Amino acid sequence: VRGYTPLLNTAPHSQERSSYGLTDEQKEFQKVAFDFAANEMAPHMAEWDQKEIFPVETMRKAAQLGFGGIYVQPDVGGSGLSRLDTSVIFEALSTGCVSTTAYISIHNMCAWMIDTFGNNEQREKFCPDLCLMEKFASYCLTEPGSGSDAASLLTTAQRKGDLYILNGSKAFISGGGDTDIYVVMCRTGGKGPKGISCLVVEKGTPGLSFGKKEKKVGWNSQPTRAVIFEDCAVPVINRLGEEGQGFGIAMKGLNGGRINIASCSLGAAHACVQLARDHLLVRKQFGETLSNNQFLQFRLAEMATKLVASRLLVREAATALQDGRPDAVSLCSMAKLFVTDECFNICNQALQMHGGYGYLKDYAVQQFVRDIRVHQILEGTNEVMRMIISRNLLTEL
């Protein structure tokens with residue numbers, strides 16, 4: 001891609017800034033992730049986007065570095081790292097391809113849910129292959145009629161002996177059709193959140209099918225399809241936790257997912273600040289480089305400042321979630337709201353600084369803009385994040 005050389009080679013100082021405050025161990029796996037992004041992802045980012053390639057082999061290479069189950073426990077093949085470690089890794093990987101890293105983050109969330117809420121048999125059955133990315137996972141909560149109002153989902157699971165019979169459909173499922181494991185929220189009881197349970201559905205189960213591959217603005221290196229259940233028989237032993245615990249499991253997964261997706265936004269903004277800087281240094285207008293224009297200097301300063309502020313908020317939220325602090329849910333929502341908004345604005349401003357070149361697909365900046373726009377919608381829309389934050393503030397004693 002013209003205008004995009006891997007960050008590893010062009011931005012040592014930028015990487016150093018993103019490693020301030022980290023331990024030596026964190027700096028080491030951050031460097032591994034930056035290396036992988038630069039060498040294995042960035043050179044293929046545009047092709048994966050334009051040809052809509054799901055880069056299975058590249059992701060399996062990432063899994064060999066421990067990135068398939070970053071915060072899954074080591075006894076089932078995970079890396080056993082913290083939420084902060086995970087955020088650092090996803091930010092670095094996203095400088096090479098946001099779309100692919102975002103899918104890896106969803107896969108990690110699913111593996112963590114099975115590891116955390118599954119029994120030993122379930123953990124040992126599913127987690128090792130997920131951590132190696134020999135098998136891939138998808139998260140199935142959203143439905144055609146229930147997006148933000150997740151507790152109103154309609155997919156039913158009626159128990160018949162040792163089986164649940166699923167009927168219904170899920171919408172906007174990342175990896176849908178190409179993945180092997182589906183972590184599905186379904187209704188086993190009455191209305192509302194207490195009637196929801198969580199089942200692991202394996203690809204190939206009779207009654208499981210998929211809709212057409214969606215055509216999307218961004219996130220094109222991961223397929224998105226509807227997931228359809230028509231009298232789909234799933235063994236009761238595939239239920240995570242007890243009946244009625246599914247909504248709680250889903251929400252706990254999403255708390256981490258919100259940090260993960262904010263971290264992916266950080267990586268895009270990180271890359272775009274560097275792209276904008278490099279462009280200003282070489283592009284000439286009115287007889288001098290754009291880097292001599294004070295207006296653009298100030299804009300670049302604002303972009304870098306908002307990037308650092310965003311990074312600090314994400315890392316604070318990650319630490320709060322890891323430590324089980326009472327403010328963790330609010331901080332995860334704040335991080336998701338603030339960071340996905342601000343990082344999109346940073347990327348969009350970087351595109352503006354490129355002028356007409358920024359609108360060409362030969363230049364990476366436009367792909368970063370397209371790929372992170374959806375981060376303001378998924379894992380709970382930013383409007384829902386405002387609801388969660390305000391509700392917590394107004395109910396504090």
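Strand E1 (residues 137-140) pairs with strand E4 in the parallel sense over four bridges; helices (H or I, at least four residues) and strands (E, at least two) are DSSP runs numbered from the N terminus, and two strands pair if DSSP finds at least two bridges between them. The model is predicted, so local features need pLDDT of at least 70 and side-chain atom pairs count only at pLDDT 80 or more, while totals for chains, interfaces and linings use all residues. Residues are numbered from 1 along each chain as its sequence is written, and side-chain values use heavy atoms, with hydrogens and water left out.

Strand E5 (residues 196-202) runs antiparallel to E4, and seven bridges join the two.

Strand E4 (residues 181-187) is mostly covered, with seven of its seven residues buried; buried means under 20% relative accessible area, exposed over 50%, and partly exposed in between (1.4 Å probe, protein chains only). On one side of E4 lie Ile181, Val183, Met185 and Arg187, and on the other Tyr182, Val184 and Cys186, all of them buried. In E1, Ala137 and Tyr139 point one way and Ser138 and Cys140 the other way, and all are buried.

Among the helices, H6 (residues 83-94) and H9 (residues 246-282) have axes that come within 7 Å and cross at roughly 35 degrees. Axes are lines fitted to C-alpha atoms, for helices over the stretch in contact, and angles run from 0 to 180 degrees between N-to-C directions. The crossing of H6 and H9 is right-handed; a crossing is right-handed if the near helix is turned clockwise from the far one by less than a right angle, and left-handed if anticlockwise. The residues of H6 that meet H9 are Arg83, Thr86, Ser87, Phe90, Glu91 and Ser94, and their counterparts in H9 include Gly256, Ile259, Asn260 and Ser263. Contact means heavy atoms within 4.5 Å. By class, this contact has five nonpolar, eight polar and two charged residues, where Ala, Val, Leu, Ile, Met, Phe, Trp, Tyr, Cys and Pro count as nonpolar, Asp, Glu, Lys and Arg as charged, and the others, Gly among them, as polar.

Helix H3 (residues 24-41) has 18 residues and should span 26 Å at 1.5 Å a residue, which agrees with the 25 Å between its end C-alpha atoms. The expected span is 1.5 Å times one less than the number of residues. Buried residues in H3 include Gln26, Phe29, Gln30, Ala33 and Phe34.

Arg60 is found in helix H5 and counts as partly exposed, at 22% relative accessibility. Not counting residues up to four places away in sequence, Arg60 touches Leu132, Met133, Glu134 and Phe136. The C-alpha atoms of Arg60 and Cys131 are separated by 9.3 Å, although the two are 71 residues apart along the chain.

Most residues other than glycine have a negative phi. Glu52, which is not a glycine, has a positive phi of about 55 degrees and is found in the loop between helix H4 (45-51) and helix H5 (56-64). Phe172, also not a glycine, has a positive phi of about 60 degrees. Phe172 lies in strand E3 (residues 163-174) and is exposed, with a relative accessible area of 63%.
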